[in-house]
Amino acid sequence: MLNYRASRCLAILLSGCLSWQLLAQGTPRHGDVRRFNDNHLAWHNQQQQWMPLESFWLQYAQHNGGHFWGAKEVYPEYDKVQENDTLLIQTESGPCLMEFFHQRWRRANDVRRWDKAFNEYGGCSTVFDD
């Protein structure tokens, strides 16, 4: 398994190479998702590039103004969470970025309204099954 730094470098390299090909498909909006080969990539307006969905989530989590609780398999204690805090919840189906919004955890995509494809990625389609 790649370590975090190596996987981050690979993600940057991959997104740079694929961005040119994906831009030919039209002007993307922030949070649009495109599939290129077996990779799902999301458009990030500030970065002006396509990036893997998990990288997109991490960029959002680190800059949205709330506390980022990291990647975990359990939710933090309710009384310690604030509005707009984020958590990359790890489920059996994969990760899903959650945002604490209006006093409960929601999928970040349900709050931010990025591409619907985010709700089918990783563990997002099953995150509420428990």
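Here is a walk through this structure, from its overall plan to a few of its details.

The model is predicted, so local features are given where pLDDT is at least 70 and side-chain atom pairs where it is 80 or more, while totals for chains, interfaces and linings use all residues. Residues are numbered from 1 along each chain as its sequence is written, and side-chain values use heavy atoms, with hydrogens and water left out.

Let us start with the overall plan. The protein has three helices and seven strands; these are DSSP runs numbered from the N terminus, with helices (H or I) of at least four residues and strands (E) of at least two. Read from the N terminus, the elements follow the order α-β-β-β-α-β-β-β-β-α. The protein has 130 residues, and 40% of them count as buried. Here, buried means under 20% relative accessible area, exposed means over 50%, and partly exposed lies in between (1.4 Å probe, protein chains only).

Now find the open sheet of three strands, which has the order E1-E2-E3 and antiparallel pairing; two strands pair if DSSP finds at least two bridges between them. Strands E1 (33-36) and E3 (49-52) stand at the edges with a single partner strand each, so one side of each has no neighbour in the sheet. From one strand to the next, the twist averages 40°. Four bridges link E1 with strand E2 (residues 39-44) in the antiparallel sense, and arginine 35 has histidine 40 in E2 as its bridge partner. Helix H2 (residues 53-63) packs on this sheet and touches E1, E2 and E3, where contact means heavy atoms within 4.5 Å. The direction of H2 makes about 105° with that of E3; such angles run from 0 to 180 degrees between N-to-C directions, with axes fitted to C-alpha atoms, for helices over the stretch in contact.

Most residues other than glycine have a negative phi. With 60% relative accessibility, asparagine 37 counts as exposed. Asparagine 84 is another non-glycine residue with a positive phi, of about 75°. Asparagine 84 sits in the loop between strand E4 (68-72) and E5, and its 22% relative accessibility makes it partly exposed.

Next, look inside. The largest nonpolar core has 23 residues, and among those with the most contacts inside it are Phe56, Trp57 and Leu97. A nonpolar core is a set of buried Ala, Val, Leu, Ile, Met, Phe, Trp, Tyr and Cys residues joined through side-chain atoms within 4.5 Å. H2, strand E5 (86-91) and strand E6 (94-101) each supply at least two residues of this core, and the largest share, five residues, comes from H2. Beyond its neighbours within four places in sequence, tryptophan 57 touches several residues, including Leu88, Leu97, Trp114 and Phe118, as well as Cys96 and Cys124.

Those two cysteines bring us to the disulfide. A search of the whole structure finds one, a disulfide being a pair of cysteine sulfur atoms within 2.5 Å. It joins cysteine 96 to cysteine 124, with an S to S distance of 2.1 Å. Cysteine 96 lies in strand E6 and cysteine 124 in the segment after helix H3 (108-112), so the pair ties together parts 28 residues apart in sequence. The torsion about the S-S bond is about 100°, so this disulfide is right-handed. Cysteine 96 is buried at 0% relative accessibility, and cysteine 124 is buried at 3%.
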